[in-house]
Amino acid sequence: MNTDADDGWSLVVPLKPLALAKSRLAPAAGERLRPRLALAFAQDTVAAALDCPEVRDVVVVTDDPAAGRALAALGARIVPDAPAAGLNAALAHGARAVRERRPHARVAALNADLPALRPAELARVLAAARQFPRAFLADAAEIGTTFLSAGPGVELEPAFGGPSRLRHLSSGAVEIRMAGVDSVRRDVDTGDDLAAAGALGLGPRTAARRPVAVPAPRGGLEARHGPEGMP
């Protein structure tokens with residue numbers, strides 16, 4: 001097996017069981033739609049990541065059977081959350097699973113709730129991350145983190161959750177500061193976040209499930225390409 005460090009990035013995407021995911025979306029989406037939206041976010045995130053030319057593969061760490069089947073159908077490798085000890089343990093476990101097969105792999109953690117993700121913008125972030133042993137991208141609020149990378153031979157050391165931007169800075173990771181990568185920073189936890197992602201242009205699965213309470217954007221991907229969000 002090829003273990004060349006330059007043979008593309010492996011992305012690790014964590015996903016809670018859908019019944020527990022995205023609880024803060026319930027006021028906007030309702031309890032029935034919330035888990036379906038969580039899956040749609042993950043599907044659009046994984047599909048966009050796999051369309052990025054810098055990405056070799058995507059590992060999804062999840063114990064949700066339905067989500068695992070849906071994301072495997074897109075081409076992701078599904079790894080059970082064996083540690084069952086929270087987000088950062090799941091990410092470290094996913095990185096180890098990558099390096100069991102490719103010891104010298106470049107690995108990056110990516111949030112599962114980036115429904116407006118653009119492959120070209122992700123490629124720019126990955127190109128910037130190559131310059132550093134560890135690097136990260138803050139979320140749109142500049143409080144959390146949506147992306148964390150580790151080069152060959154470097155541990156990922158994830159510290160996601162809450163004000164993780166400062167924790168990743170304190171850990172020695174370099175913050176990637178660049179314009180034009182809004183879709184990589186726009187994670188979705190609330191109805192307002194979903195509206196902001198809609199302004200960028202939602203992926204087709206999320207667009208199809210947008211709750212009525214969240215208005216459709218006037219511009220962006222859907223306005224340009226129709227309800228499926230595809231050219």
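In these legends, contact between residues means heavy atoms within 4.5 Å of each other. The model is predicted, with local features needing pLDDT of at least 70 and side-chain atom pairs counting only at pLDDT 80 or more, whereas totals for chains, interfaces and linings use all residues. Residues are numbered from 1 along each chain as its sequence is written, and side-chain values use heavy atoms, with hydrogens and water left out.

**View 1. The protein chain comes to ten helices and seven strands.** Helices (H or I, at least four residues) and strands (E, at least two) are DSSP runs that are numbered from the N terminus. Of the 231 residues in the protein chain, 55% are buried, where buried means under 20% relative accessible area, exposed means over 50% and partly exposed lies in between, for a 1.4 Å probe and protein chains only. Among the contacts in the protein chain with a separation of 6 or more, 64% are between residues 24 or more positions apart.

**View 2. Seven strands form an open sheet with mixed pairing.** The strand order is β3-β2-β1-β4-β6-β5-β7, and two strands count as paired if DSSP finds at least two bridges between them. The edges are taken by β3 (77-79) and β7 (174-175), each of which has a single partner strand, so one side of each is left without a neighbour in the sheet. Strands of a sheet pair through backbone hydrogen bonds, either parallel or antiparallel.

**View 3. Strand β5 (residues 134-138) pairs with β7 in the parallel sense and with β6 (residues 145-150) in the antiparallel sense.** Two bridges join β5 to β7: Phe-136 has Glu-175 as its bridge partner in β7, and Ala-135 stands opposite Val-174. Five bridges join β5 to β6, and here the bridge partner of Leu-137 is Phe-147. The strands β5 and β6 form a hairpin with six residues between them, and in the turn Glu-142 has a positive phi of about 60 degrees. Five of the five residues of β5 are buried; Arg-134, Phe-136 and Ala-138 point one way from the strand, while Ala-135 and Leu-137 point the other way.

**View 4. Thr-146 of strand β6 and Val-184 of helix α7 (residues 182-185) are in contact.** Thr-146 is buried, with a relative accessible area of 0%, and Val-184 is likewise buried, with a relative accessible area of 0%. Leaving aside neighbours within four places in sequence, Thr-146 is in contact with residues including Ala-109, Leu-110, Asn-111, Leu-114, Leu-137, Phe-160 and Asp-187. With residues up to four places away in sequence again not counted, Val-184 touches Leu-110, Leu-114, Leu-117, Glu-121, Leu-122, Val-125, Leu-137 and Thr-146. Val-184 and Phe-147 are 37 residues apart in sequence and 7.8 Å apart in space, C-alpha to C-alpha.

**View 5. Helix α2 (residues 33-50) lies across β1 (9-14), β2 (55-61) and β4 (106-110).** The helix runs at about 160 degrees to β2, where axes are lines fitted to C-alpha atoms (for helices over the stretch in contact) and angles run from 0 to 180 degrees between N-to-C directions. Ala-49, which belongs to helix α2, is buried with a relative accessible area of 1%. Not counting residues up to four places away in sequence, Ala-49 touches Leu-11, Val-55, Val-58, Leu-110, Leu-117 and Leu-122. Ala-49 and Leu-110 are 61 residues apart in sequence and 9.2 Å apart in space, C-alpha to C-alpha.

**View 6. The axes of helices α2 and α3 (residues 65-74) come within 10 Å and cross at roughly 25 degrees.** That crossing makes α2 roughly parallel to α3, given that angles under 35 degrees count as roughly parallel, over 145 as roughly antiparallel, 65 to 115 as roughly perpendicular and the rest as oblique. The contact is made by Leu-39, Ala-42, Gln-43, Val-46, Ala-47 and Leu-50 of α2 together with Ala-67, Ala-70, Leu-71 and Leu-74 of α3.

**View 7. Helix α8 (residues 191-200) has buried residues at Gly-191, Asp-193, Leu-194, Ala-197 and Gly-198.** These residues cover an arc of only 155 degrees around the axis, which puts them on the same side of α8; the arc is that of the directions from the helix axis to the C-beta atoms. An α-helix has 3.6 residues a turn, so residues three or four places apart point the same way. Just after α8, Gly-201 takes a positive phi of about 115 degrees.
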